[in-house]
Amino acid sequence: MKIVVLDGCTLNPGDTPWDELRTLGDVTIHERTSPQEVLPRAAGAAILLTNKVLLNASHFPHLPDLRFIAVTAAGYNCVDIPAARDHHIAVSNVPIYSTDAVAQFVFALLLHHTSHVALHNAAVHAGDWAACPDFSFSKIPLTELAGKTLGIVGLGRIGKRVADIAHAFGMRLLVTTRTPPQNLSVPLDLVPLPNLVASSDFISLHCPLTPDTQNLINAHLLAHFKPSAVLINTSRGGLLNEPDVAAALHKKQLAALLADVVSIEPIRPDNPLLHAPPGTHPP
């Protein structure tokens, strides 16, 4: 059985052996695969492993031996699921591997924005505290999370974990979700999306990228945001209409964007978010 890994570098930077996978068949590992290389490399494979390499409807008619695609990530928007189904190709993902890591990073971004640790560390080393006449030194006001409202869009595994941590910080929780939540461990209020963004100090996105959520955050919805609100996206870059978000930052309709994803990755030099104001002032 032929198994092809299309972008091994995303899963294994060199510290994880592929030995167990090799016991299953004839394994070929490519560190990276360009769009033009997908078909030649996937030819004859029964199983493909991908993380970021796109597999769409145009590929499947040329891959008659393909029976299974393993997406080595929680999100699976890199595969055209309906087209795979039409060609009787099973698709799996890894829904739980990043839950704690992503939730932790949400709060790394939040605390970076509200506590400005890096800014103050640099200022201290630059001599600003030593030159300060007072023992209490700060460059910019700090914001406590306690009492602030966090709006969570999508209450899957990661959204629930973010809610748990936010509750521990003393934050009020508003949630928009397509599926009625069950087994909740913290108090929260379910509200429509326009109400959520209008009432939240911070909005954190935790929904999958689908045709329904593509460009979810757009000029129309941004008009409902508080100007002091902070948008957090650790889900998928395509959830944002990036020109609209950049325009909102320029017009101060949005205080800041905290994100580790964009619509095209690696980020392109002409991405409008690169040229938007950084939004250093907390709400």
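Predicted model: local features only at pLDDT ≥ 70, side-chain atom pairs only at ≥ 80, totals over all residues.
Mentor: Start with one rule: two strands pair if DSSP finds at least two bridges between them. Strand 10, residues 230-233, and strand 11, residues 256-259, are joined by four bridges and run parallel.

Trainee: Okay. Which residue is the bridge partner of Leu231 in strand 11?

Mentor: Leu257 is the bridge partner of Leu231.

Trainee: And what do strand 10, helix 10 and strand 11 make together?

Mentor: They make a β-α-β unit, and that unit is right-handed.

Trainee: How many bridges join strand 7 to strand 8?

Mentor: Two bridges join them, and the strands run parallel. Strand 7 covers residues 172-176. Look for Leu174 there: its bridge partner in strand 8 is Asp189.

Trainee: Where in the fold is Arg157?

Mentor: Arg157 is in helix 7, residues 157-168. Setting aside neighbours within four places in sequence, Arg157 is in contact with Pro95, Ile96 and Thr99.

Trainee: How far apart are the C-alpha atoms of Arg157 and Lys2?

Mentor: They are separated by 33 Å. Along the chain, the two residues are 155 residues apart.

Trainee: How many bridges join strand 3 to strand 4?

Mentor: Four bridges join strand 3, residues 47-50, to strand 4, and the two run parallel. Leu48 stands opposite Ile69 in strand 4.

Trainee: And how many bridges join strand 4 to strand 5?

Mentor: Three, again with the strands running parallel. Strand 4 is residues 68-71. Ile69 has Val91 as its bridge partner in strand 5. Phe68 stands opposite Ala90. The chain gets from strand 4 to strand 5 through helix 4, residues 81-86, in a right-handed β-α-β crossover.

Trainee: Now the cores. Which residues touch the most other members in the largest nonpolar core?

Mentor: Ile203, Ile217, Phe225, Leu231 and Val245, out of 27 residues in that core. Helix 8 (193-199), strand 9 (202-205), helix 9 (219-222) and helix 10 (242-250) each supply at least two residues of this core. Helix 10 gives the most, with four residues.

Trainee: What is Phe225 in contact with, leaving aside neighbours within four places in sequence?

Mentor: Val197, Ile203, Ile217, Leu231, Gln253 and Leu254.

Trainee: Is Ala103 buried or exposed?

Mentor: Buried, because its relative accessibility is 0% and the cut-off for buried is under 20%. Ala103 lies in helix 5, residues 99-115. Not counting residues up to four places away in sequence, Ala103 touches Ile158, Arg161, Val162 and Ile165.

Trainee: Why might nonpolar side chains sit together like that?

Mentor: In soluble globular proteins, nonpolar side chains tend to be buried together.

Trainee: Last one, Asn12. Where does it lie?

Mentor: Asn12 lies in the loop between helix 1 (8-11) and helix 2 (19-22). Asn12 counts as buried, because its relative accessibility is 8%.

Trainee: What does the side chain of Asn12 reach at 2.9 Å?

Mentor: The backbone nitrogen of Gly14. The side chain of Asn12 also reaches the backbone nitrogen of Asp15, at 3.2 Å. Leaving aside neighbours within four places in sequence, Asn12 is in contact with Pro17, Trp18 and Glu31.

Conventions:
Residues numbered from 1 in each chain as written. Heavy atoms only, no water. Core = buried A, V, L, I, M, F, W, Y, C linked by side-chain atoms within 4.5 Å. Buried < 20%, exposed > 50% of the residue type's maximum accessible area, 1.4 Å probe, protein only. Contact = heavy atoms within 4.5 Å. Right-handed = clockwise from strand over helix to strand, strands pointing away. Polar contact = N/O pair within 3.5 Å; in protein donor to acceptor, adjacent residues only side chain to side chain.
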